[in-house]
Amino acid sequence: MLIKTDHDGFIHPVSSEITSEKVYRDRRALIKLMAGGAAGAALTGWAGREAMAQAISKPGKHAALVGGKSAVAGAVTMDKVTEYKDASSYNNYYEFGTDKADPARNAGTLVTRPWTVSIEGLVKQPKTYGIEELLKLSAQEERIYRMRCVEGWSMVIPWVGYSLAELIKKVEPLGSAKYVEFVTLADPKTMPFVGSRVLDWPYVEALRLDEAMNPLTLLTFGMYGEVLPNQNGAPVRLVVPWKYGFKSGKSIVKIRFTDKEPRTAWNKAAAQEYGFYSNVNPNVDHPRWSQATERRIGEDGLFAKKRKTLMFNGYESQVAQLYADMDLKKLF
Ligand SMILES: Nc1nc2c(c(=O)[nH]1)N[C@H]1C(S)=C(S)[C@@H](COP(=O)(O)O)O[C@H]1N2
Ligand SMILES: [Mo]
């Protein structure tokens with residue numbers, strides 16, 4: 001069965017298995033109840049186990065779901081999914097302000113239709129895709145990814161989209177293409193902070209072509225089984241889960257293939273702090289703070305222990321080979 005949401009063309013063929021935002025909320029509520037004890041006692045036997053199994057992102061179930069056509073090993077985590085309200089109200093989208101609450105507060109002005117994404121540079125098939133065509137270019141899947149912001153907080157988010165590799169194969173990069181640049185919208189009329197000097201707008205990010213082709217790299221249209229909220233990068237963004245969050249550009253309008261390493265917004269702003277690669281790496285400190293631990297949003301009570309940050313954010317088995325011969329302290 002295909003589900004269409006209120007936005008035209010948002011189709012995910014595995015909808016019967018995709019957990020809607022409401023179901024996530026219900027599961028969270030259930031966990032809280034069970035943790036509470038009183039209700040937990042009532043949820044014994046089959047019902048209790050079933051509830052628990054439902055409440056945890058089971059690799060078995062989601063591996064099959066993610067599998068559809070091509071399973072992405074390790075795309076699923078056993079970690080608890082972050083509450084939708086946290087994932088949609090605490091984040092960075094500097095075009096709408098630099099406070100974590102600003103994107104949710106201000107991004108209502110973002111206009112996401114009509115929308116086009118132009119594919120340019122070193123490809124055989126340059127083309128400007130309308131968003132509806134892009135949505136349908138490949139089957140969308142749900143992927144639960146850990147996300148780690150360079151500032152030291154993390155979340156676990158069920159994204160919906162397809163591997164960027166699907167699009168890249170369609171546009172046929174030339175042999176000379178080595179990098180992929182992602183240019184995002186910079187519209188001073190609808191984005192109040194695009195006039196500010198924090199960054200050199202538009203917000204630009206980039207990956208090496210092999211990083212962009214890695215199946216984990218997700219061209220993302222939704223989260224929690226819904227279309228992306230504006231503050232999370234509607235109508236289309238990238239998600240690169242083994243890199244710090246700022247590599248995952250929001251509201252993309254242009255994808256350009258190049259032979260030289262592109263300059264990126266954060267690298268231009270502070271090259272000694274934000275390198276081109278920006279792989280999550282607990283062994284390489286940011287010049288102003290440690291990257292060894294992280295605070296998981298939703299677990300940040302007074303006594304919550306910080307988590308140890310994992311190499312490549314826990315995706316080492318899928319991506320370490322991309323950097324086999326590199327000194328990751330120099331090429332941070
Ligand atoms: N266009 C744009 N994309 C962006 C940002 C931004 O300021 N502008 N911030 C980045 C940073 S620092 C992070 S941590 C993530 C946070 O948003 P998310 O929680 O929706 O992934 O978006 C990234 N993408
Ligand atoms: Mo970030």
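Reader: Which residues of helix H8 are the buried ones?
Author: In H8, which covers residues 164-171, they are Leu-164, Ala-165, Leu-167, Ile-168 and Val-171. Buried means under 20% relative accessible area, exposed means over 50%, and partly exposed is in between, with a 1.4 Å probe and protein chains only. Helices are DSSP runs of H or I with at least four residues, strands are runs of E with at least two, and both are numbered from the N terminus.
One thing before we go on: this is a predicted model, where local features need pLDDT of at least 70, side-chain atom pairs count only at pLDDT 80 or more, and totals for chains, interfaces and linings use all residues. Residues are numbered from 1 along each chain as its sequence is written, chains are lettered from A and ligands numbered from 1 in the order in which they are written, and side-chain values use heavy atoms, with hydrogens and water left out.

Reader: What makes the phi of Tyr-224 stand out?
Author: Tyr-224 isn't a glycine, yet its phi is positive, near 55 degrees. You'll find Tyr-224 in the loop between strand S9 (218-223) and S10. Its relative accessibility is 0%, so Tyr-224 counts as buried.
Asn-313 is another residue other than glycine with a positive phi, near 60 degrees. Asn-313 sits in the loop between strand S14 (307-308) and helix H11 (316-319), and at 2% relative accessibility it counts as buried.

Reader: Where are the peptide bonds that are cis?
Author: One runs from Trp-201 to Pro-202, with omega near -5 degrees. Pro-202 belongs to the loop between strand S7 (179-184) and strand S8 (204-208). Another runs from Ala-234 to Pro-235, and its omega is near -5 degrees too. Pro-235 is in the loop between strand S10 (226-227) and strand S11 (237-239).

Reader: Why is Gly-108 called exposed?
Author: Its relative accessible area is 66%, so Gly-108 passes the mark for exposed. Gly-108 lies in the loop between helix H6 (102-106) and strand S3 (116-121). Leu-110 is in the loop between H6 and S3 as well, but at 6% relative accessibility Leu-110 counts as buried.

Reader: What joins the side chains of Glu-205 and Lys-247?
Author: A polar contact of 2.7 Å does. That term means a pair of N or O atoms within 3.5 Å; within protein, one must be able to donate a hydrogen and the other to accept it, and residues adjacent in sequence count only if both atoms are side-chain atoms. Glu-205 is in strand S8 and is buried at 1% relative accessibility.
The side chains of His-286 and Glu-273 also make a polar contact, at 3.1 Å. His-286 is in the loop between helix H10 (265-269) and strand S13 (293-296), and a relative accessible area of 5% makes His-286 buried.

Reader: Which residues come nearest to ligand 1?
Author: Of the 16 residues around ligand 1, they are Tyr-94, Glu-95, Arg-237, Ser-248 and Lys-250; near means having a heavy atom within 4 Å. A polar backbone atom of Ser-248 is 2.8 Å from a nitrogen atom of ligand 1. Taken alone, ligand 1 exposes 530 Å², and the protein buries 96% of that.

Conventions
Accessible areas come from the Shrake-Rupley method with a 1.4 Å probe; for residues, only the protein chains shown count as cover.
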